[in-house]
Amino acid sequence: MEELLLTLLLMCLLAGGVALAVVWRMVRWVRRSTGLRRRVRSVQALTAPPGARRQVACLRRDLSAAAHATGEAVALVRAAGGAVGELPLLARRLGRVAGTLDAELRLLAHEPDPAELARVLPAARARVADVTRVALTIRRAASAGLGAETAAEIAPLEAEVEREVLALDAGVDRLLALASGA
């Protein structure tokens with residue numbers, strides 16, 4: 001009987017250890033998932049009570065979306081072979097600025113004094129607007145770098161296509177002339 005209880009105890013400890021390891025890995029995965037963090041911020045913005053705290057949650061969501069979209073845009077243009085110049089460096093700097101600003105917004109979200117929150121919120125809103133504007137400028141520059149590359153390739157391609165169509169038309173005309181016996 002003692003052996004059975006000891007075996008059962010060991011099995012329970014082993015199952016608990018495995019469950020704990022699985023939970024720990026899931027928590028690490030959730031914390032590292034940027035997409036999930038953005039979704040959580042969206043939910044926080046939608047579920048926060050109306051007022052300054054909801055505004056802070058919305059600012060955090062907007063800031064995160066702008067910084068993430070900028071990094072992805074620059075990476076996409078680089079992967080497509082577009083001209084990016086110093087844009088990757090600028091996108092990383094923007095990410096660091098956005099991280100610092102997000103920490104400030106996190107502090108604001110937990111500010112217990114509503115008067116202090118109302119006093120500081122307009123300046124934070126202006127800084128988020130500045131970061132969002134810079135992020136948009138970087139994304140536009142990245143898009144222009146890719147667009148310029150594409151535009152430069154289109155003109156020669158179009159000329160080659162026209163030349164090939166003319167050659168095919170001449171070849172078809174020649175075949176038709178030979179077939180008709182002329």
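User: Is Arg106 buried or exposed, or something in between?
Analyst: Arg106 is partly exposed, with a relative accessible area of 38%, where buried means under 20%, exposed over 50% and partly exposed in between, using a 1.4 Å probe and protein chains only. This is a predicted model, in which local features need pLDDT of at least 70 and side-chain atom pairs count only at pLDDT 80 or more, while totals for chains, interfaces and linings use all residues. Residues are numbered from 1 along each chain as its sequence is written, and side-chain values use heavy atoms, with hydrogens and water left out.

User: Which residue does Arg106 form a salt bridge with?
Analyst: Arg106 pairs with Asp102, and the closest N and O atoms are 3.1 Å apart; a salt bridge here is a side-chain nitrogen of Lys or Arg within 4 Å of a carboxyl oxygen of Asp or Glu. The two residues are 4 apart in helix α4 (residues 87-109), so about one helical turn separates them. Helices are DSSP runs of H or I with at least four residues, strands are runs of E with at least two, and both are numbered from the N terminus.

User: And Asp102, buried or exposed?
Analyst: Asp102 is buried, its relative accessible area being 9%.

User: What else does its side chain touch, in terms of polar contacts?
Analyst: The side chain of Asp102 makes a polar contact with the side chain of Arg60 at 2.7 Å. A polar contact is a pair of N or O atoms within 3.5 Å; within protein, one must be able to donate a hydrogen and the other to accept it, and residues adjacent in sequence count only if both atoms are side-chain atoms. Arg60, Asp102 and Arg106 are also linked in a network of salt bridges.

User: How many salt bridges turn up overall?
Analyst: A search of the whole structure finds 6. Among them, Glu116 and Arg119 meet through their side chains at 2.7 Å, N to O, and because these residues lie 3 apart in helix α5 (residues 114-179), about one helical turn separates them. Glu116 is partly exposed at 26%, whereas Arg119 is exposed at 58%. Another is the pair Arg61 and Asp62, with the closest N and O atoms 3.2 Å apart; Arg61 is partly exposed at 26% relative accessibility, and Asp62 is partly exposed at 36%.

User: Switching to the core, which residues touch the most other members?
Analyst: In the largest nonpolar core, which has 23 residues, they are Leu63, Leu105 and Leu108. Such a core is a set of buried Ala, Val, Leu, Ile, Met, Phe, Trp, Tyr and Cys residues joined through side-chain atoms within 4.5 Å. Helices α3 (52-79), α4 and α5 each supply at least two residues of this core, and α5 gives the most, with 9 residues.

User: What does Leu108 touch?
Analyst: Leaving aside residues up to four places away in sequence, Leu108 touches Arg53, Val56, Leu117, Val120 and Ala124, contact meaning heavy atoms within 4.5 Å.

User: Where's Met1, and how exposed is Met1?
Analyst: Met1 is in the segment before α1 (2-32), and at 75% relative accessibility Met1 counts as exposed.

User: Last one, how far apart are Gly147 and Ala83?
Analyst: Gly147 and Ala83 are 64 residues apart in sequence and 9.3 Å apart in space, C-alpha to C-alpha. Gly147 is found in helix α5 and is partly exposed, with a relative accessible area of 35%.
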